[in-house]
Amino acid sequence: MGKAIIYYILLLIAAIGAIGYFVLDSINFNNHYEERVSVSVSVDSSFPTFELTGYQSQNAVLQIGQDINPDLFADDTYATIMIDNETNEPIVAYNALRRIYPASTTKVMTALVVCDALNEGKISLDDQVTLQHDTSITDESAMKSSLGKGCTISVRNLLYGMLMKSYNDFAVILAEYVGGTEADFCQMMNNKAYQIGATASHFVNPHGLHEDDHYTTAYDMYLIVREAKKHEIIREIDSYNTFTFSYIDANGYEQSDSISPTNQFLSGGYQLPSNITMETWKTGTTRKAGSCLVMNVLVNNNSYTLFVADSIGPDDLYGKIGTLFNMTN
């Protein structure tokens, strides 16, 4: 009996010793490195080396919560951003990563998806699109053309009407023609946004009329409109200060529509300084989005991208744009 007790005591002591060893070993390992656990690392000189050529080398990068020269915008602006595209340096950023509503600046993303379909040969600018139904734009204040079921119009003229005059029904017609349905087209919009890095955006319609789950950021709009500059047809449309297009009505008669840009710098409401050239742009206005304008411009031949979502109205919006222009000097 006595020998058994002694045996169990020795066994218990051994177990406690083992546990103690592993506990102390774990503590030592977690608290500091010891020579016995260190590993020597070397790099083979024959391995390839890489330069920084990814996202950070191609785009401006902002820290979360970072504001740059926000004082002139903080009181009455939802969000604003201006980037020097020559250096990828942000000159102004206020709420640039904050979720906002894009209104009709959405149509830039719609145009990008349409341009991808053009470049891939899936459609052409000369394609004739016949409306199979009236579009479901029910907001009485929304910009809408006179086209209805049975009318026929080219893809080119749909793009002009959508980007210049901001016809909301034209965005729907293009979405259905390219994507089959609005929902499928919106998935294409979200895929494109993800592809170019605009990962804080979510699109549920092709026109930007308000929906709670339809949003972007000022930073994403910088990425989106700068992508638009790559497409000749968008640059062409955005250079016009007037345009007349034709379509065939449901009775087979040719009709025409003369449009002017919603951008007041082009339509004459506000004077664009002589040292500034417009490249690509889009306006947008809804009650919850405010008055928005996104642009690529050349100032003394230097490239800048800017976006303002103003909470007061058009006069204040264009005043804020003027303030941004002055900050490029």
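Strand β7 (276-286) contributes the most to the lining of the largest pocket, namely four residues. Before I continue, a word on the basis: this is a predicted model, in which local features need pLDDT of at least 70 and side-chain atom pairs count only at pLDDT 80 or more, while totals for chains, interfaces and linings use all residues. Residues are numbered from 1 along each chain as its sequence is written, and side-chain values use heavy atoms, with hydrogens and water left out.

Let me stay with the pocket. Its volume is about 380 Å³. Among the 19 lining residues, Ser104, Ser166, Thr283, Gly284 and Thr285 are the closest to the centre. A pocket here is an open set of points on a 1 Å grid where a 1.4 Å probe fits, with protein on both sides within 12 Å along at least five of seven lines, and lining residues have an atom within 4 Å of a point. Besides β7, β8 (290-299) and α10 (314-326) each supply at least two lining residues. By class, the lining has seven nonpolar, eleven polar and one charged residue; Gly counts as polar, and Asp, Glu, Lys and Arg as charged.

I turn now to helix α5, residues 168-179. These twelve residues reach 16 Å from first C-alpha to last, close to the 16 Å expected at 1.5 Å a residue; the expected span is 1.5 Å times one less than the number of residues. How many residues of α5 are buried? Ten of the twelve are, where buried means under 20% relative accessible area, exposed over 50%, and partly exposed in between, with a 1.4 Å probe and protein chains only. The elements that cover the buried residues include α3 (106-119), α4 (155-164) and α6 (182-195). After the helix comes Gly180, with a positive phi near 90 degrees.

Finally, the aromatic side chains. There are nine aromatic pairs in the structure, a pair being rings of Phe, Tyr or Trp (its six-membered ring) with centres within 6.5 Å; planes under 30 degrees apart are stacked, over 60 edge-to-face, and the rest tilted. Tyr167 and Phe170 are edge-to-face, because their planes stand at 65 degrees, with centres 5.0 Å apart. Both Tyr167 and Phe170 are buried. Tyr240 and Phe243 are also edge-to-face, at 90 degrees and 5.7 Å. Here Tyr240 is partly exposed, at 31% relative accessibility, whereas Phe243 is buried, at 15%. One aromatic cluster is formed by Phe265, Tyr270, Tyr318 and Phe325.

Terms used
Contact = heavy atoms within 4.5 Å. Points joined across faces, edges and corners; volume = space filled by probe spheres on them.
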